[in-house]
Amino acid sequence: MKILRAVFTGFQNRLVNTFKLRSLRSKFMLSFVFLSTIPLVILAIFSYGVYHDILQQNIQSYTSEVIDRVDRNLEIYLSDLERILELRNDYYNLQFIKLSLAGDVEGNRKFIFRLWENLNNIRNFKTELRDVSITTIGGVTVGCYGVTHTDLAQNVLFQTLANRTAKDDSIAIWGPHPDWLGGPVFSVGKAIHGDYDNFLGIMSIDVDVELLERICGNIRLGKTGYIMLLDEENRIIYHPNRELIGKGIGALLGEASLTDWQQDFTTKRRLGNQIIRVKTFAPANWKIIGLSNRFELATEMQKITGLSLTIIFSTILVLTLMAVYFAHLLTNPLKELQQSMRHASEDLNTNVEIHTMDEIGELSETFNQMLARIRQLMKQSVQEQEKRRRAEMKALQEQIKPHFIYNTLDLIIGLLETNKNEDVINTVEALGAFFRISLSQGQELITIREEAEHVRNYLYIQRRRHGDKYDYAIEIEERLLNKKTIKLILQPLVENAIYHGVRELETPGGLILIKGFLMEPANTICFQVIDNGVGMEPAKMEEINRCLRESGTGQQYFGLSNVNERIRLAFGPEYGLALSPTPGGGVTATIKLPVVEGKG
Amino acid sequence: MKVARLFCLSFLFLYLVLNLPLFSPDSRPGSGVAAAGSTSVSGSFPPKARPLVIAIVPKSLDNPVFVDSMETAMLTAKELGVKLEWVAPFKVDPDLQVKIIEGLIWRKVDGIAISTSDPEKIRKVIDKAVEAGIKVATIDADCPESKRLFYCGTDNYKAGWACGEAMVKIVTERGLAGKKLKTAILTGGIEAHNLNERIRGFKEAVAGKLDLEYVALLACDDDTTTGAKMVEAYIREHPETDLFYFSGGWAFFGPTESMPLYQEWCDNGGIAVSMDTFYPVLQAAKKGFAQALVGQDFRKMGELTVKYLVDAINGLPVPMEYIDTGLELADESNFDLLLSQKKPWEMK
């Protein structure tokens, strides 16, 4: 499996490198053409093989059929002649033979005259019959053209029949040979026997070889294939080319081909372009040979191949054009989308034009939605940044309240008047540290240590101002001190705890406790500013909390809202500020912050 | 004379030796099948040492007039030790006759006698045979201006003249000599020289003696049945005909019962003179189908033709170029006598 995958990957890489398939369009086109062409080529190759076999089989079976038909036609013709030859024992025939052998010229004249008439009538039965004759053992022949003398020693038909026994009543065939008028004929004959089975002569029919032309001449095996006939000495007795008639078959097809032509239906392929089938016409021991041209088969196959290749190449061309068209159809929206995205990377106000309702259309729409969302978010972000800056400025402004500064300066003056120099130094140091941390060199995030220090300085200054009316404590887990928080979030809460909590107590004993701890499961840092002051009406507390939940809804409770707003802007709505009553009186302000690791 | 005979015999011997299969290029057995369609073929009938072969080619086989000639020709041939072949188209067919003669030339027969059915067509092949060294004669019907050695047969002009004289005699006896008489003629083949000569002789014999109007020339191509039918049909259409001249006796070779209208015409005074004195013609004449007959001697024709052809082949001289076999005149006075001397044909 791994090997297969490796091979496939290799092939894929080579394909990609060879055809430089960098674009989706070329991949699509190549895949489309490949997928459509490969089945076509396989089909063409398979069809070629099958068609070739079928064609060859058809040629052979057609040739065999044709040879059979020729064989049948010859047999039918021969059986007709055999029936005619049954007239050989006619009274006039026998009388003629007997009187002729006896040398009775005067007695024979009426039989001769009658025989001429009869034999001519028989000849007129069939157009191919050249002569019908009776030949006696005395060499006298009476036929359609009169009375002639036959050299019996030269007459193969006569000799064949003479050498047979009286019981052998079958026909004999001789020829083709020239008849006495010079025309080529083949002769069919039967023996005539006397009363004591003594051989008296023969009755024979000369058939014009035109018959063979009539039987075989119209037969064509393909365009150039044909039928030819050989006699028992392998001489051509019928061939469409008349010049070859009478010649040996060896001259035409090679001597070597003659040896095993004794069996019926032998297919020979060794003669180059010809497919040859042979059948022996048994009565005459002739061979019927069908020659088909293999070249024609090849030509036929070339035609098929040409047609197949034309179809394949046309199909490939059409498919390629279609592939180009479809690729264009599919990739153009993608290209447009790509360009739109490139524009969008420079100008978010761009929108993709949607032309189709397909996946690419949907993708374009989604991209447009994404762009809209990005624009919205950016706008929101800009607004939030603005809001944050404003909130920060407000927070800073809150820090630098003139009366806080005046009061602190009055405190310092008072301390100077009372020569409490040590306290002055401490107070001035606290004030300086307070403002230094407030500004924090413009940084938004400071360490919790710095935030704690900032609120401690504030409380120091305020306590110096308000005397021992309340006390404070800061309990922040050591592990949190280096974590980061947005600045100036504890001071406004402490200020509220002082002014609306412990300072309102009628008796001393107020306490402001600032706790900082990590809520482990939620991984959230929690600050609590707990006072045991006069507390707050539950309804009011509920209203403040509602204002804090619905961030930015009111301008009341500015200090608390600003802290809450800044936390939410920085870390999200799940963080922020909430108030709760302190058990036993007072208010607890709780801040939740994410854990933000400080650098180093 | 003795020296001449010795020379002839030596020549014959030399000829036969040269034609032995051993010396003949055509004598090889199975020397091949001829190219189809070609008339010139290498033979499987090679000439070799054999008796002389003489072929007689009548106009047709179906005409029984030649039967007597065939019989005497065969007997003469037998007597002379030569082989006689009797070959012809079954029915008159000059083209086929030419083909048959060409076949004989190819087979190198020693002599040919031809009854010419169409001199124009036959002349060339006669000359061809002569050029091939074959002795050629004509029998019954001559082929003038050909290279044939001799003609043996009737002097057809004389035969026609005799018919004409017989006609004049009968018409005069009936007292019709001064009248214009419508005359029809039945002949065999229009082109046959012998028949045309007979017609010419007939016409010239009656000229100036009778006032004949020749109203029809009917040609039956030597066919007996056709001859009878044509005469019967003509009489049906033209019963007003006065005279009938038959240049051959074809119409009377068959049964006379097939010609009732003609018989009626004869009974009503129609006058007919016919060539041929064969047995059936005599029988018909005796019934009144013809008042006079002029016969040919076909037996002599066969006999003399063979004899002189053999002589010619053997180098002996032929007594004359025109061998007249003579005429036989018949009328009511000798019909019975002649019938008693002749044999019925018994062939049809």
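**Note on strands and helix pairs in chain A**

1. Strand β2 (residues 140-143) of chain A and strand β3 (residues 146-149) of chain A run antiparallel and are joined by four bridges. The link between β2(A) and β3(A) is a hairpin of two residues. Within this pair, A:V142 stands opposite A:V147 of β3(A). The model is a predicted one.

2. β3(A) also pairs with a strand of another chain: two bridges join β3(A) to strand β2 (residues 83-87) of chain B, and the two run antiparallel. Here A:V147 stands opposite B:W86 in β2(B). Chain A as a whole has 15 helices and 18 strands. Of its 600 residues, 32% count as buried. Among the contacts in chain A with a separation of 6 or more, 59% are between residues 24 or more positions apart.

3. Two helix pairs can be described in turn. The axes of helix α3 (residues 91-102) of chain A and helix α4 (residues 105-123) of chain A come within 9 Å and cross at roughly 140 degrees. An angle of 65 to 115 degrees would count as roughly perpendicular and one over 145 as roughly antiparallel, so α3(A) is oblique to α4(A). The crossing of α3(A) past α4(A) is left-handed.

4. Which residues of α3(A) and α4(A) meet? On the α3(A) side they are A:Y92, A:N93, A:Q95, A:F96, A:L99 and A:S100. On the α4(A) side they are A:G107, A:N108, A:F111, A:I112, A:R114, A:L115 and A:N118. By class, this contact of α3(A) with α4(A) has six nonpolar, six polar and one charged residues.

5. In the second pair, the axes of helix α11 (residues 421-439) of chain A and helix α12 (residues 448-466) of chain A come within 9 Å, crossing at roughly 140 degrees. α11(A) and α12(A) are therefore oblique to each other. α11(A) passes α12(A) in a left-handed crossing.

6. From α11(A), the contact with α12(A) is made by A:D423, A:T427, A:A430, A:L431, A:A433, A:F434, A:I437 and A:S438. From α12(A), A:E450, A:E453, A:H454, A:N457, A:Y458, A:Y460, A:I461 and A:R464 take part. The residues of this contact divide into eight nonpolar, four polar and four charged.

Methods
Residues are numbered from 1 along each chain as its sequence is written. Chains are lettered from A and ligands numbered from 1 in the order in which they are written. This is a predicted model: local features need pLDDT of at least 70, side-chain atom pairs count only at pLDDT 80 or more; totals for chains, interfaces and linings use all residues. Axes are lines fitted to C-alpha atoms, for helices over the stretch in contact, and angles run from 0 to 180 degrees between N-to-C directions. Angles under 35 degrees count as roughly parallel, over 145 as roughly antiparallel, 65 to 115 as roughly perpendicular and the rest as oblique. A crossing is left-handed if the near helix is turned anticlockwise from the far one by less than a right angle, and right-handed if clockwise. Two residues are in contact if their C-beta atoms, placed from the backbone, lie within 7 Å. Ala, Val, Leu, Ile, Met, Phe, Trp, Tyr, Cys and Pro count as nonpolar, Asp, Glu, Lys and Arg as charged, and the others, Gly among them, as polar. A residue is buried if 20 or more other C-beta atoms lie within 10 Å of its own, exposed if 12 or fewer, and partly exposed in between; C-beta atoms are placed from the backbone. Two strands pair if DSSP finds at least two bridges between them.
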